[in-house]
Amino acid sequence: MGLGSFFTALFGGNEADNLPFKGESREKPAPAAPAVAAPEQSAIGREEADAMLFREEIIDSRGRLCGYRFSMKSLDEQAFFSEQQLFEALQTAGIQTFAQRRVAVIPITPDGIVFGRHKSMSAENTVFLLDPRKSTLPLDRLLGCLSAIRGSGCKAALTGILSSDEELSLLAESDIVFLNIAEFSLQQFQKLAQRLRAVAPQVALGVEGIHSWAEQRMCAASGFEYFLGDFLATAEEEKKDQKIDQGRITAIEMLNLLRSEADLSELGEVAKKDPGIAFQLLKVANSPASGLNTQIATLDNAILVLGREQLYRWLTISMFRIGQVRERDEALLEIALTRARFLETLATPGVTKKDRDELFLVGMLSLFDVLLGMPMYKVMEKMQLSPSVLEVLLRSEGPHGKFLMLALAVEKGRTTQAAKLAEELGVALDTLEPTSQAAFTWAQDALGYGESR
């Protein structure tokens, strides 16, 4: 059974809701985009300079990971990449297909609209992001750019907008406005949000630069609907030291039995303690992906069909969907799956199958402290893990320490650090982007967001 089929059979997949935009594009011919006087600058090719497509999670007001903002990050600080090369990278990564199901926010310039680049990425949930501060065009021509975006069937978003009456006129052809919370005082930020809601109630508000769940809740109370920042993988203060629910305790007990090579009968007895785990085990064992023609009726046989390795991975992943699951837990699972797959499939010389299995586990467990709302050392006290896994999760040390650091650097767009770590680990720079994108696609498929659904 392939892992993608395995996860889909287990969880049934999640059909992502479309981003609930307040203002839909109007059915009318789009005016011609304004002419641009100067051609684009030349740029170093991606194959010469090494770059990565960078993803930033977008969380909606319900706590769902509803999509991503995409941009390009160079591994060479001196390299310059044209907008055309960004769009080529997006096409290579299949972002147009992604945007048929989930939100894809893509920065674009007026030049890009004139050259029709937005048309190549047209999809139901594509959002093109325009920054008026980076253009010398008059506002009426920028308004034409926004209208051209909407006329192509995509959504138009603004960032960097201030509060002048002239700039606010751009809201007539906008679906979302993104504000960076770091660019304003709290009073200025709340005042601008209030004015935007009053002037254009049909436009959704997004905020970037959020660093904590407390900030996210404050912005949500001010009417913001979409949130970007590094807050998702941080613990919520009111959730600290919470108790682990019974379903997760059962899963941890089974994980410990698997690590100690316990008999299958012992695993079956523990699984019986939680009806949810027992039901899901039988469901997966009896799925078409298992390839069996006979019905599996007992937990012992279900565990035998899955095998120890598949069962261990399934239990680790199930921790995100056991008990009182929140939308945030589902978002954490998506990040953890992408991280784990990236670590498992890195093109690293001399890494054994056992090492790759442990790296996958490190990626999944690295968010357990956030998931469970307790310090990592307390989580690890409840689990039987190898010293190499404990070293990286507790102290960022050991043979897997730099691998996890590399995964985090790639996720956060810290490309200089990623390049340095890749060199130390013997990972070719030109493999980082394809490995990252393949891991992202794999996680999307596993969770039911991919083309196979």
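**Exercises on a predicted model**

S396 is found in the loop between α19 (387–395) and α20, and the model that contains this loop is a predicted one.

**Exercise 1.** Describe the backbone and the accessibility of S396.

*Solution.* Begin with the backbone: S396 has a positive phi of about 55°, although this residue is not a glycine. For comparison, most residues other than glycine have a negative phi. Then turn to accessibility, where exposed requires over 50% and buried requires under 20%; S396, at 46% relative accessibility, therefore counts as partly exposed.

**Exercise 2.** Carry out the analysis for E261, stating where this residue lies.

*Solution.* E261 lies in the loop between α11 (246–259) and α12 (264–271). Its phi is positive, about 60°, and E261 is not a glycine either. Because its relative accessibility is 56%, E261 counts as exposed.

**Exercise 3.** Work out how helix α15 packs against helix α20.

*Solution.* Take the geometry to start with: α15 (residues 327–345) and α20 (residues 401–412) pack at an angle of about 125°, with their axes 10 Å apart. That angle makes α15 oblique to α20, and the crossing is right-handed. Next, list the contact residues, which are I335, R339, F342 and L343 on α15, and F403, L404, L406, A407, L408, V410 and E411 on α20. Sorted by class, this contact has nine nonpolar, no polar and two charged residues.

**Exercise 4.** Identify which residues have the most contacts inside the largest nonpolar core.

*Solution.* This core has 134 residues, and the two in question are L281 and L406. The element that gives the most to the core is α15, with nine residues.

Note on methods. Residues are numbered from 1 along each chain as its sequence is written. This is a predicted model: local features need pLDDT of at least 70, side-chain atom pairs count only at pLDDT 80 or more; totals for chains, interfaces and linings use all residues. Side-chain values use heavy atoms; hydrogens and water are left out. Axes are lines fitted to C-alpha atoms, for helices over the stretch in contact, and angles run from 0 to 180 degrees between N-to-C directions. Helices (H or I, at least four residues) and strands (E, at least two) are DSSP runs, numbered from the N terminus. Angles under 35 degrees count as roughly parallel, over 145 as roughly antiparallel, 65 to 115 as roughly perpendicular and the rest as oblique. A crossing is left-handed if the near helix is turned anticlockwise from the far one by less than a right angle, and right-handed if clockwise. Contact means heavy atoms within 4.5 Å. Ala, Val, Leu, Ile, Met, Phe, Trp, Tyr, Cys and Pro count as nonpolar, Asp, Glu, Lys and Arg as charged, and the others, Gly among them, as polar. A nonpolar core is a set of buried Ala, Val, Leu, Ile, Met, Phe, Trp, Tyr and Cys residues joined through side-chain atoms within 4.5 Å. Buried means under 20% relative accessible area, exposed over 50%, partly exposed in between (1.4 Å probe, protein chains only).
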